[in-house]
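These are my notebook entries on one protein chain. I set down what I looked up and what I found.

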Amino acid sequence: MLENDENKPPQPSGSGKPDIVALMQTLIEGQKERDRRQEERDKRQEERDKRQEERDKERDKRDKERDKRDKERDKRDKERDKRQEERDKRQEDRDKALNDKLSVLADSMKVVTDSVDNLQKNMLRTSQHHATPVSFSALMPIDEGPFASPTGGRTQRVSGLEAPLSTPIKLQKVAAKYDTAHYHGLGSEYDSEGVRTSQLLERLGEGWLDAYNAVSDADCAAIANSTRGFCRRCNYSDLGPEKHRQTVVHELFGAIEALLMPRRTNGTAMLRWEDRHDCPMSNGRKPDGILQARVYGLDTDWQSVVVSVELKSMDHSHGDNHLRGQIFQNFLDMSEDQPRRYMLGLAVAGKCQARAYLCTPSGVVFSNVGLLQSAGDVTAEHKNFIRFIMVLYKMLPRDYGFLPLKECGVLDRFMLKDIPNCELPDTDTSNMTVTVSGRKTFGGRHAMLIGPQSWIYRAQIGGADGSTTSAIFKFIWHPKDGSEVAVHKKVQEMGIPYIPRLLHSATIAARNQGQNSEEILQGEILVIEDAGLSVYDFAFDVIRSGRSNRLVDIFAGYMHTLLAAASADEHIYVLHRDVSIGNLFVRNNQPVVIDWGCGMIAQRTVARTPSDIKFVGTAPFMGIRVLQKSPIRTIIDDLESLFLVLAHIVWNVYGTRSSNYQTLWGRASEMVDVADARTLWLGSETELINRMGFKEEESVLVDLVKRLYKLLFPADIRISEISESPSDPRLAKFRAKKWLEEFESAAKKSSVTEMPCLVKLREFVEANPRLELPRNTFESGKRKTGDRRDSSFFDSAEPHSKK
């Protein structure tokens, strides 16, 4: 039995069944876990799909909105293009009507001319043999046509039957739109420095501070109490509104005049106050008030204003650029036709704070001079403001910086000895009389507040022997040492062609602006022979008479002058630096270059450091580098300005006016806009043509503009390189012969056979095959130690070594 049991196979353990069950349960639970996780993944995927669907819907919605905006934009563009086409069509119709009118007028003029000739012949035939031939002339007004000045003004024209009459243009904002943007831009353009009242008075000159200290405190208190009583009667508690301040200031000035008038014992007319906030001046502007020299029998004008006043409400502070811009524009208007050493302005703003502004060639300073009296208590600040105003009345009109001394301020007829501190060479010059034509300037640098100031007039010069001579009379006022007389005499000594003769000159002695002022002002007077017509007027005349090709020869003469000045002397060179339409003239069909006040004389082989005065010239005709305030000035800048003068004339005659035109030529004070617009305009020849909108591209003048453009802005030099490089990259490529060839190529298309200026230019270039012109011409300054560089370049590509 035991053996049998031992021989039986082993039986499986009873624990095997539970292990299988547990394994199966584990497998089942794992599957359930996997299913659960899969469900979660599916759920998350559904959520992602849902979010993606929402994003797709949102994207489709945005795309539809974008398409809708694009359609609206396209619609507006089409409407804009349609309006532009309509404007272009109207312009073409006007031009066509004008041309028809001019043709009819030309035919009428021919008929009149023939009638006059026949009448003269008939009268001569019927007269006795001893009779004097009859002189007959007829005047016929001619429409001005499209040839207007850059400022939008119009130029007077008469028939060719009368002697030529010129009305030179002025590159200033004579008829500009004085809006908030203009005043804000002007206010931000110039900085001003705060000083004490005593310092401001000392800058005005001797006697001002003493007069201020001499004003009686009792008088100030009496005026203050009178003003306070007026405010209380009118229920003006805080003088917040501007109209309340205007009323109170008018009352205040009236009370001061009533107090001081009986005390006037020296027989000199006292200043008078005028409320002008509702009464425009001659140019349409309305300052809130003015103090002016008494001018009986003459309309109130900016020439006689000695102090301008601006009033603002409590909401405006003195830091407001709009207020500052109005004060600065008043200064520009005051100096437009009246030479001055300085200008004064008053402003009341904020919590009745009064501030005085003083503008001199070296800058603008201001001083807080007190408070405008209200209905409250009288304080020292209230009396200080009244004291300051009383000083303004106590000083004589001649103390307000007029050149020459004129009690009425209006510049019409004077003698040179009337100019204070004028150093005259002899008695005859001292007794010479100057009669200003129309009391108006036709040029000069007085459209900017800072820097050298000048005024140019057409005048009749009367000698000691009673003779009179037509001439150009010019005042110059420099804040530092400088001499246009020296530059003008130098170019005459160098034999530079087309320079008017300097008939007389005198200096106004350098003197401190005030007793303790560090500012030294130097003045000059120039009497130059008559220069004839401005190039703009001359262009008008020759184009109307079908002789526009004459301008090619005239501009060749201008180039001759600039090249000769920059190369005629082996030791020095001269740059004009203010080539503009107001400084180029034509007399007896010969070019004339005037106004060397911005000219620079420099040594040829000495490197010069940049000057602090980087912005010299007339803004619409400044080169692109000058607009970017580059300190380096070269002959290329003068030639670029000459190109701009020609382009401006051609644009007026053959082009189409547009917003580009106004930005480039009509906004002289907004230099950034001019620079940006200039960069776009001159970026390519295509842009040049498109923006000017030539109607007659076959003109010889249009051809010359294109040729000079390619010389100044070659295709291999980007305009950004020209404006941003430390030195002008065009200078190394300049070849006088190439410029000559372009002028001659343009002249070949001309019907004019005689071109004397072009012939002289060719003789000059051929006689100077290796022209020495400044490679790196800096503005005046101190010499850099150890810094010498080759400053010559020539027509040949090889360098030239100076002995």
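Which side chain does a polar contact join to that of Glu 310? I looked this up in the model, which is a predicted one. The partner is Asn 330, and the polar contact between the two side chains spans 3.0 Å.

I located Glu 310 in strand S4, which covers residues 305-311. I then checked its charge partners. Glu 310 is buried, yet it has no salt bridge. The nearest side chain of opposite charge belongs to Arg 285, at 4.5 Å. A salt bridge requires the nitrogen to lie within 4 Å of a carboxyl oxygen, and I noted that Arg 285 stands at 4.5 Å from Glu 310. I also listed the contacts of Glu 310, leaving aside neighbours within four places in sequence. Among them are Pro 287, Asp 288, Leu 323, Gln 326 and Ile 327. Asn 330 is in this list as well, and it is the residue of the polar contact recorded above.

**Entry: aromatic rings**

I next turned to the ring pairs. The count comes to 15 aromatic pairs. In one of them, Phe 253 and Trp 273, the ring centres are 4.1 Å apart and the planes meet at 10°. Planes under 30 degrees apart count as stacked, so this pair is stacked. The pair links distant parts of the chain: Phe 253 lies in helix H7 (residues 242-260) and Trp 273 in strand S2 (residues 272-275), 20 residues apart. I found both Phe 253 and Trp 273 to be buried. Elsewhere, ring pairs link Tyr 190, Phe 328 and Phe 331 into a cluster.

**Entry: charges over rings**

I recorded two arginines here. The charged end of Arg 458 sits over the ring of Phe 442, 4.8 Å from the ring centre. Arg 387 lies over the face of Tyr 212, and the distance to that ring centre is 5.9 Å.

**Entry: the whole chain**

Last, I noted the totals. The chain has 22 helices and 21 strands. Of its 803 residues, 49% count as buried. Among contacts with a separation of 6 or more, 66% are between residues 24 or more positions apart.

Definitions and conventions
Residues are numbered from 1 along each chain as its sequence is written. This is a predicted model: local features need pLDDT of at least 70, side-chain atom pairs count only at pLDDT 80 or more; totals for chains, interfaces and linings use all residues. Side-chain values use heavy atoms; hydrogens and water are left out. Rings of Phe, Tyr and Trp (its six-membered ring) pair if their centres lie within 6.5 Å; planes under 30 degrees apart count as stacked, over 60 as edge-to-face and the rest as tilted. Helices (H or I, at least four residues) and strands (E, at least two) are DSSP runs, numbered from the N terminus. Buried means under 20% relative accessible area, exposed over 50%, partly exposed in between (1.4 Å probe, protein chains only). A charge sits over a ring if NZ of Lys or CZ of Arg is within 6 Å of the ring centre and within 35 degrees of the ring normal. Lys and Arg count as positive and Asp and Glu as negative; His and the chain ends are not counted. A polar contact is a pair of N or O atoms within 3.5 Å; within protein, one must be able to donate a hydrogen and the other to accept it, and residues adjacent in sequence count only if both atoms are side-chain atoms. Contact means heavy atoms within 4.5 Å.
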